[in-house]
Amino acid sequence: MGKEKLNAAFLKVKERGDKAFVPYIMAGDGGLDALEEQLVFLEDAGATVVELGIAFSDPVADGPTIQEAGLRALANGVSLRAVLEKLKQTKSSRHIPIVLMTYVNPIYAYGVADFAKACEDAGVDGLIIPDMPLEEEGLVTRELKDHDIALIRLAALTSTDDRITEIANRTEGFLYAVTVTGTTGARSTFHDRLNEYLDRLSKQCEVPVLAGFGVSTPEHVKNLTAHCDGVVVGSRIVDLLNKGDHDTIRELIGAAQISKVN
């Protein structure tokens, strides 16, 4: 489990000649009882890893779709502890790696050491903390290392070359390449220098580089993965799951499965 499980999942995709597809879902959107079924569906549909969001009252990186999903989860009484307990209960029957996306405040309120231990017990393999800069990582790095949980860093279009080098050297599991200068949410177009940015990250980073934020169509998936190792798709997946549109989700994931096309 942990870093090793993430690395093995990405290696398997690479050996097949495919690109990684990481869907984001909001834990407890539709109730926590639906979580296991959602994870099973995404794994069966061909997802590489699942990024699991934790509802939070001040989600600074999230656009309207994911904010609304968070509000639905909070209305269902979902909490970080409840999510980790549900993951622990279903750990033995789950195979797909899980990356938790949460903010610093809930981790700090939980207690960093207790949180890291609970993540290991729940079978969480990686962690994304979008509001924690490199300079503040000392808050969690030792505890995550003790429990072999990957800390996945984010690179921005606005990051300097020196900053990108530092992020690329530190990240674990994969590098999350943010494709927009804003919050999450489906978009029709991207920055005109995005491909150059992804190419540069891919050359510098020893772990897979995945593009995320705004990815919403099979064409986005195919175009972006020509310049990196995979994609993270959030708002579009959240919206489709809420509508019960599993066929379109399968189509999105299928766009990363190059080996089935060639």
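Tyrosine 176 counts as buried, at 5% relative accessibility, where buried means under 20% relative accessible area, exposed over 50% and partly exposed in between, with a 1.4 Å probe and protein chains only. Phenylalanine 213 is also buried, with a relative accessible area of 11%. This is a predicted model, in which local features need pLDDT of at least 70, side-chain atom pairs count only at pLDDT 80 or more, and totals for chains, interfaces and linings use all residues. Residues are numbered from 1 along each chain as its sequence is written, and side-chain values use heavy atoms, leaving out hydrogens and water.

The whole structure contains 5 aromatic pairs; rings of Phe, Tyr and Trp (its six-membered ring) pair if their centres lie within 6.5 Å, and planes under 30 degrees apart count as stacked, over 60 as edge-to-face and the rest as tilted. Tyrosine 176 and phenylalanine 213 form an edge-to-face pair, 5.8 Å centre to centre with 90 degrees between the planes. Tyrosine 176 belongs to strand β7 (residues 175–178) and phenylalanine 213 to the loop between β8 (209–212) and α10 (218–224), so the pair ties together parts that are 37 residues apart in sequence. Helices (H or I, at least four residues) and strands (E, at least two) are DSSP runs, numbered from the N terminus. One aromatic cluster is formed by Phe10, Phe174, Tyr176 and Phe213.

Leucine 84 touches Leu100, Tyr110, Phe115, Ala118, Cys119, Ala122 and Val124, not counting residues up to four places away in sequence. Leu84 and Leu100 have the most contacts inside the largest nonpolar core, which has 93 residues; such a core is a set of buried Ala, Val, Leu, Ile, Met, Phe, Trp, Tyr and Cys residues joined through side-chain atoms within 4.5 Å.

The chain averages a pLDDT of 92, pLDDT being the predictor's confidence in each residue, from 0 to 100. Over residues 182–189, pLDDT stays under 50.

Conventions
Contact means heavy atoms within 4.5 Å.
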